[in-house]
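This report describes one predicted model. The sequence and coordinates come first, then the text.

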Amino acid sequence: MMEKILENIINEMSPHISSEQLEHLSNVLYVNFHGKEIQERKCFKR
């Protein structure tokens, strides 16, 4: 799930920043999210 989220962020930013900036963004994201876990919450309205 984490990989998909990071991939989505990078894909969304790709038209807006240079390839060098995109590579830097990718590195920053992977370093900051390394070892982290993401859990999806499902909230139900009553």
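How many residues does helix 1 have, and how far does helix 1 reach from its first C-alpha to its last? Helix 1 (residues 2-13) has twelve residues and reaches 17 Å, close to the 16 Å expected at 1.5 Å a residue. The expected span is 1.5 Å times one less than the number of residues in the helix. Helices (H or I, at least four residues) and strands (E, at least two) are DSSP runs, numbered from the N terminus.

The model is predicted: local features need pLDDT of at least 70 and side-chain atom pairs count only at pLDDT 80 or more, while totals for chains, interfaces and linings use all residues. Residues are numbered from 1 along each chain as its sequence is written, and side-chain values use heavy atoms, with hydrogens and water left out.

**Overall form**

The chain has two helices and zero strands. Its C-alpha atoms fill a box of roughly 45 × 25 × 10 Å, taken along the principal axes. The accessible surface of the chain is about 4,600 Å², and 52% of this belongs to carbon and sulfur atoms; areas come from the Shrake-Rupley method with a 1.4 Å probe, and for residues only the protein chains shown count as cover. Of the 46 residues, 13% count as buried. Buried means under 20% relative accessible area, exposed over 50%, and partly exposed in between (1.4 Å probe, protein chains only).

| Helix | Residues | Reach, first to last C-alpha | Expected span |
|---|---|---|---|
| Helix 1 | twelve residues | 17 Å | 16 Å |
| Helix 2 | 15 residues | 21 Å | 21 Å |

In helix 1, the residues M2, L6 and I10 are buried. Seen down the axis of helix 1, these buried residues fall within an arc of 65°, so they line one face of the helix. The arc is that of the directions from the helix axis to the C-beta atoms. The buried residues of helix 1 pack against helix 2 (19-33).

Helix 2 buries L22, S26 and L29. Down the axis of helix 2, its buried residues fall within an arc of 70°, so they too line one face. Helix 1 is included in what covers them. On the other side of helix 2, E20, E23, H24 and V31 are exposed. Just after helix 2, G35 takes a positive phi of about 80°.

**Core**

Which residues make up the largest nonpolar core? It has five residues: M2, L6, I10, L22 and L29. Helix 1 and helix 2 are the elements that give two or more residues to this core, and the largest share, three residues, comes from helix 1. A nonpolar core is a set of buried Ala, Val, Leu, Ile, Met, Phe, Trp, Tyr and Cys residues joined through side-chain atoms within 4.5 Å.

The structure holds one salt bridge, a side-chain nitrogen of Lys or Arg within 4 Å of a carboxyl oxygen of Asp or Glu. K4 forms a salt bridge with E7, with the closest N and O atoms 3.9 Å apart. Both residues lie in helix 1, three residues apart, about one turn of the helix. K4 is partly exposed at 48% relative accessible area, and E7 is partly exposed at 39%.

M1 lies in the segment before helix 1 and is exposed, with a relative accessible area of 52%. Leaving aside neighbours within four places in sequence, M1 is in contact (heavy atoms within 4.5 Å) with I38, Q39 and E40. With the same exclusion of neighbours within four places, M2 is in contact with F33, K36 and I38. M1 and Y30 are 29 residues apart in sequence and 13 Å apart in space, C-alpha to C-alpha.
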